Structures are given as structure tokens and as C-alpha cells.
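I opened the notebook to go through this structure step by step. My entries follow the order in which I looked things up.

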Amino acid sequence: MDKFTTLTGVSAPLPIINIDTDMIIPKQYLKTIKRTGLGTALFSEMRYHEDGTENPDFVLNKPAYRGATIIVAGDNFGCGSSREHAPWALLDFGIRCVISTSFADIFYNNCFKNGILPLVVSPEQLKLLLDDAERGSNATLTVDLEAQTIKGPDGGTLHFDIDPTRKQILLEGLDDIAGTLKSDPSITTFENMMATDRPWL
């Protein structure tokens with residue numbers, strides 16, 4: 001998993017509440033178990049017309065936001081079914097950070113497992129970030145995970161909170177297995193002790 005330290009990129013405004021995982025990646029794309037190739041299907045029902053042509057009104061189809069790496073979204077992002085394909089699709093498109101006032105728990109956890117930073121901010125902070133994101137190609141934000149700050153295009157800085165363990169997972173680029181292996185010496189010591197104290201187990 002790629003490390004997440006500092007991200008500077010264009011932020012796309014998506015001020016819709018209750019964006020569920022079916023909107024992020026519709027059910028017909030769930031047949032694959034590959035984590036790649038899903039970026040073209042991200043938000044497909046909003047990005048494309050029924051004939052397959054692009055909807056020019058959807059934010060990620062606009063020239064200024066085609067290379068967005070950050071999404072600034074409405075409340076309760078990632079609700080609905082617990083499909084891990086949702087963060088896979090975001091990551092494959094190039095999104096490394098989603099900012100909202102709240103996230104569904106399972107989606108939130110899946111983001112950390114896949115190298116995406118889901119940031120929870122206050123409604124007041126979200127309004128400021130959405131205003132920044134409306135600037136098109138000038139909507140550049142810098143997210144510094146180590147410092148726990150978001151810097152806007154005018155230099156204004158917001159602070160965010162994050163669980164220290166989750167922060168470290170992203171900073172080091174650790175998936176669940178790699179995170180467990182960091183504790184291998186302690187696990188081995190415990191197993192050896194158990195083998196000595198309770199050899200019948």
C-alpha cells in the first residue's frame with residue numbers, strides 16, 4: 001500500500017449528502033475481485049448517460065477536475081452496503097482523500113485499508129473547503145497528514161483530528177497484514193511462552 005504523507009492536488013466539490021456505495025460503484029461492477037480497472041466505473045450512473053457518453057455536467061467530467069485527487073463531499077459519505085469496491089474505484093481513479101462531515105463506519109474503515117484518507121471536518125470547515133473546491137483548477141488543497149492540516153489555495157490552514165493508530169498506518173503504508181507483522185516479535189515471544197507454560201495446547 002502506498003504511503004500517505006502529504007497530498008497536494010485539485011479538490012472536486014461533491015456537495016451531495018448520503019452518497020452511498022452503490023452511487024460510488026454500482027452493483028454491476030462487483031463481479032471482479034481485482035482492485036484495478038474500476039476507476040472508469042466510479043460514479044458511473046452520474047458520470048455517464050444511458051448511451052455511455054459522458055455527462056458534461058458531472059464534476060469529474062469537467063476539464064478542471066479530471067485530475068482531482070481529493071473529493072469534498074456532503075454529510076454521511078459512503079453509506080449503504082459494505083462493498084470494498086467503493087474505495088478501490090476511488091483509488092483507481094486517483095482519489096487519495098475524501099473530506100466530509102461524517103462517513104459510514106465500514107466505508108471509513110475500508111478507506112484506511114486501501115490507502116485513502118477519509119477526513120472528518122466540521123460543517124463550518126466543510127463550507128470553506130467547498131468554496132475552495134469551486135475554483136476549478138485553482139482548487140488546490142494540501143493535506144499534511146503528519147501535521148494534521150489542510151492548507152487552502154489562499155494559504156488558510158485548517159486542523160483535523162485523526163486516530164493516532166490509523167494515522168500511523170497511512171504514514172507507513174501498512175495494510176492489515178503488514179501492520180500485524182510489525183508485532184511479530186511480541187507474537188513470537190507470546191507463542192514461545194505459551195508453548196513452555198501450556199505444552200498441551
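Entry 1: The model is a predicted one. I then checked its charged partner. Arg83 forms a salt bridge with Asp22, and the closest N and O atoms are 3.1 Å apart. Arg83 sits in the loop between β2 and α3 (85–93), while Asp22 belongs to helix α1 (residues 21–24), so this pair ties together parts that are 61 residues apart in sequence. Asp22 itself is partly exposed, with 26% relative accessible area.

**Entry 2: other salt bridges.** How many salt bridges does a search of the whole structure find? I noted 5. One of them links the side chains of Arg66 and Glu54, at 2.5 Å from N to O. Arg66 lies in the loop between α2 (44–47) and β2, and Glu54 lies in the loop between α2 and β2, so the pair ties together parts 12 residues apart in sequence. Arg66 is partly exposed at 43%. Glu54 is partly exposed too, at 35%.

I moved on to helix α5. The side chains of Asp131 and Lys127 meet in a salt bridge of 3.7 Å, N to O. The two residues are 4 apart in helix α5 (residues 123–133), which means about one helical turn separates them. Asp131 is partly exposed at 42%. Lys127 is exposed at 55%. I also noted a network: Asp132, Arg135 and Asp154 are joined by salt bridges that share partners.

**Entry 3: strand β1.** Next I asked why strand β1 counts as largely enclosed by the rest of the structure. Then I looked for its strand partners. With strand β5 (residues 140–144), β1 pairs in the antiparallel sense over 5 bridges. Gly9 stands opposite Leu141 in β5. With strand β2 (residues 70–73), β1 pairs in the parallel sense over 4 bridges. Here Ala12 stands opposite Ile71 in β2.

**Entry 4: the database record.** Last, I checked UniProt. Its unreviewed entry lists residues 1–122 as "domain: Aconitase A/isopropylmalate dehydratase small subunit swivel". Over residues 1–122 I read 21% helix and 17% strand. The end C-alpha atoms of that stretch are 29 Å apart.

Conventions. Residues are numbered from 1 along each chain as its sequence is written. This is a predicted model: local features need pLDDT of at least 70, side-chain atom pairs count only at pLDDT 80 or more; totals for chains, interfaces and linings use all residues. Side-chain values use heavy atoms; hydrogens and water are left out. UniProt positions are given in the numbering used here, feature names are shortened, and annotations may be inferred rather than shown by experiment. Buried means under 20% relative accessible area, exposed over 50%, partly exposed in between (1.4 Å probe, protein chains only). Two strands pair if DSSP finds at least two bridges between them. A salt bridge is a side-chain nitrogen of Lys or Arg within 4 Å of a carboxyl oxygen of Asp or Glu.
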